[in-house]
Amino acid sequence: MNYDSSMGLLEELREILGAQASLIVDPEIVSSYSRDQSQLATHGNPKLVLLAKSELEVSKTLKFANSQKIPVVARGAGSGLSGGANAVSGGIVISLEKMNQVLEIDEVNQLARVEPGVINLDLDKEVSKLNLAYLPDPASREWSTIGGNVATNAGGMCCVKYGVTANHVRAIRLVMADGEVITVGNPLKKSVTNLDLLHLIVGSEGTLGIVTEIVVSLAPRPKPATTLIATFAGIDSAMKTIPELVALGPSMLEVVDETTLRAVEEWKPLGFEGVGTVLIMQSDDSAEICASGAAIAAKHGAIDVTYSDDPRDSSDLIQVRKLAYPALERKGVALLDDVCVPISKISNLISKVKEISEQSNLLIGIFGHAGDGNMHPTIVYDHGDKGAEQRAQRAFNSIIKVAQELGGTASGEHGIGSIKVEAARSESGERIIELQRAIKQIFDPNGILNPGKKIP
Ligand SMILES: Cc1cc2nc3c(=O)[nH]c(=O)nc-3n(C[C@H](O)[C@H](O)[C@H](O)COP(=O)(O)OP(=O)(O)OC[C@H]3O[C@@H](n4cnc5c(N)ncnc54)[C@H](O)[C@@H]3O)c2cc1C
């Protein structure tokens with residue numbers, strides 16, 4: 001069979017999967033599955049897209065692709081920001097978006113069993129009817145899939161209290177490169193029988209297998225949060241406030257810098273003119289925690305401190321954080337970075353990023369998760385300005401290097417994908433890289449699964 005053309009591949013897969021399989025070769029539609037939301041990542045032209053409807057289809061496709069050494073890229077909603085779901089030329093994209101059923105909600109054991117294409121927020125809405133919650137809350141939760149969240153180990157604003165996706169995944173069904181299906185992990189709350197293969201798969205970005213079913217843990221629905229907002233004239237006083245707020249055990253703690261505040265004010269004035277830094281904290285434990293937070297912020301010289309336990313006020317108070325990225329994005333091409341540093345080093349990161357902004361003559365706004373040090377410096381440049389684009393790429397890499405020098409890491413939640421492979425190499429010792437390659441070799445000896453991503 002000739003797989004040089006899409007038609008040859010289509011015929012073969014039709015034979016294997018049957019006429020009901022959703023196989024796409026239309027170049028325009030195929031091209032819409034060839035990349036994610038990353039501005040920096042390159043992508044190839046896949047030959048074919050399978051909109052998988054069952055684990056069996058995924059398994060048969062991988063078995064065939066493995067025998068022919070055809071590269072395969074798994075895809076959820078394509079909302080990734082690191083090129084992780086970007087297609088490889090000549091390969092197959094397996095989209096899991098149609099495998100979107102909540103298979104079981106186990107109220108007694110506080111678990112849900114889902115297909116990978118279930119949208120994060122849809123699951124949370126479903127379990128809210130039982131007064132339960134699916135807690136991982138990436139800002140993309142309205143459209144990103146749980147399979148994608150698991151593959152990237154997605155974070156969000158609640159991580160400071162509830163942790164990342166990995167903390168809420170109990171078991172995974174995984175189709176391996178040769179088509180065999182295994183289950184890793186265990187729905188039980190405690191199990192130490194095997195090596196922790198579950199957490200090897202979480203965050204592996206589609207390089208070790210394709211996730212076809214996930215058991216996640218649910219939690220009693222948290223109480224509506226009390227929200228505190230504190231404004232500061234500069235950065236230093238806000239930075240001194242952060243560790244003391246973290247010590248209170250908030251369910252959210254976010255920071256927005258002056259450059260980002262100006263972008264928000266230009267677009268949707270909220271009354272932050274002249275403000276240097278904003279901190280926003282939430283507690284779903286008690287209003288007293290926010291009262292203590294207000295006293296701490298005032299002690300460190302906050303210009304203004306407000307808190308409220310009325311959910312309508314809460315949504316107004318966090319508005320500035322929600323608008324941070326879109327406000328920068330509307331000013332040009334926005335390169336959203338994602339580095340994580342110890343919270344004691346956030347101020348060093350911010351001042352170094354300001355230096356990079358001045359040296360490269362680029363607008364760089366900084367906002368992010370102050371409670372865990374995961375910051376999103378966002379570089380903005382004019383559409384079509386090639387010189388600025390090159391400076392932006394250099395600035396992007398310089399920010400990663402600064403974070404690493406501060407004891408931080410190249411990615412806190414968006415993943416390595418294709419754009420940060422070099423950064424992962426410089427951050428990891430040779431032995432760690434060798435170990436990762438050896439693991440990859442065991443799971444995927446022919447290297448067909450998302451080649452060139454994640455593992456240096
Ligand atoms: C506006 C915006 C805000 C965002 N906010 C956040 C945030 O707060 N926190 C955060 O962590 N991320 C955030 N992201 C990034 C992105 O939404 C997350 O990385 C998300 O987890 C990706 O899910 P997805 O379904 O879109 O996966 P995709 O982008 O389709 O894929 C992501 C990676 O997972 C792999 N993959 C997907 N499905 C499977 C599967 N079933 N089996 C194996 N591998 C698979 C892909 O190959 C790829 O490597 C944001 C993105 C945008 C555009």
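The model described here is predicted. The protein has 456 residues, of which 50% count as buried. Its secondary structure comprises 16 helices and 19 strands.

**Overall shape**

- The C-alpha trace spans about 70 × 60 × 40 Å along the principal axes of the protein.
- The radius of gyration is 23 Å, which agrees with the value near 23 Å that a compact globule of 456 residues would have.

**Helices H13 and H14**

- Helix H13 covers residues 346-360 and helix H14 covers residues 386-405.
- The two helices pack at an angle of about 160°, and their axes are 10 Å apart.
- Because of that angle, H13 is roughly antiparallel to H14; the cut-off for this class is an angle over 145 degrees.
- The crossing in which H13 passes H14 is right-handed.
- On the H13 side, the contact is made by Leu349, Lys352, Val353, Ile356 and Ser360.
- On the H14 side, the contact is made by Arg391, Arg394, Ala395, Ser398, Ile399, Val402 and Ala403.
- Sorted by class, the residues of the contact of H13 with H14 are 7 nonpolar, 2 polar and 3 charged.

**Helices H8 and H10**

- Helix H8 (residues 236-246) packs with helix H10 (residues 287-299) at an angle of about 155°, and the axes are 9 Å apart.
- H8 and H10 are therefore roughly antiparallel to each other.
- Their crossing is right-handed.
- Thr241, Glu244 and Leu245 of H8 meet Gly293, Ile296 and Ala297 of H10.
- The residues of the contact of H8 with H10 comprise 3 nonpolar, 2 polar and 1 charged.

**Helices H9 and H12**

- Helix H9 (residues 258-267) and helix H12 (residues 319-329) pack at an angle of about 85°, with 8 Å between their axes.
- That angle makes H9 roughly perpendicular to H12, a class that runs from 65 to 115 degrees.
- From H9, the residues that meet H12 are Thr260, Ala263, Val264 and Trp267.
- Their partners in H12 are Val320, Leu323, Ala324, Ala327 and Leu328.
- The contact of H9 with H12 has 8 nonpolar residues, 1 polar residue and no charged residue.

- Most residues other than glycine have a negative phi.
- Lys69 has a phi near 55°, a positive value in a residue other than glycine.
- Lys69 sits in the loop between helix H3 (55-68) and strand S3 (72-75).
- Glu205 is not a glycine either, and its phi is also positive, at about 55°.
- The loop that holds Glu205 runs between helix H7 (198-201) and strand S10 (210-217).

**Asn120**

- Asn120 belongs to helix H4, which covers residues 120-128.
- Asn120 is buried, because 26 other C-beta atoms lie within 10 Å.
- Leaving aside residues up to four places away in sequence, Asn120 touches Pro136, Pro138, Arg141, Ser144, Ile146 and Asn149.
- Asn120 and Gly147 are 27 residues apart along the chain, and their C-alpha atoms are separated by 9.1 Å.

**Arg437**

- Arg437 is part of helix H16 (residues 430-443).
- Arg437 counts as exposed, because it has 12 C-beta neighbours inside 10 Å and the class takes in residues with 12 or fewer.
- The C-alpha atom of Arg437 is separated by 8.1 Å from that of Pro456, which is 19 residues away along the chain.

Definitions and conventions
Residues are numbered from 1 along each chain as its sequence is written. This is a predicted model: local features need pLDDT of at least 70, side-chain atom pairs count only at pLDDT 80 or more; totals for chains, interfaces and linings use all residues. Axes are lines fitted to C-alpha atoms, for helices over the stretch in contact, and angles run from 0 to 180 degrees between N-to-C directions. Helices (H or I, at least four residues) and strands (E, at least two) are DSSP runs, numbered from the N terminus. Angles under 35 degrees count as roughly parallel, over 145 as roughly antiparallel, 65 to 115 as roughly perpendicular and the rest as oblique. A crossing is left-handed if the near helix is turned anticlockwise from the far one by less than a right angle, and right-handed if clockwise. Two residues are in contact if their C-beta atoms, placed from the backbone, lie within 7 Å. Ala, Val, Leu, Ile, Met, Phe, Trp, Tyr, Cys and Pro count as nonpolar, Asp, Glu, Lys and Arg as charged, and the others, Gly among them, as polar. The radius of gyration is taken over C-alpha atoms; the globule rule is 2.2 Å times the number of residues to the power 0.38. A residue is buried if 20 or more other C-beta atoms lie within 10 Å of its own, exposed if 12 or fewer, and partly exposed in between; C-beta atoms are placed from the backbone.
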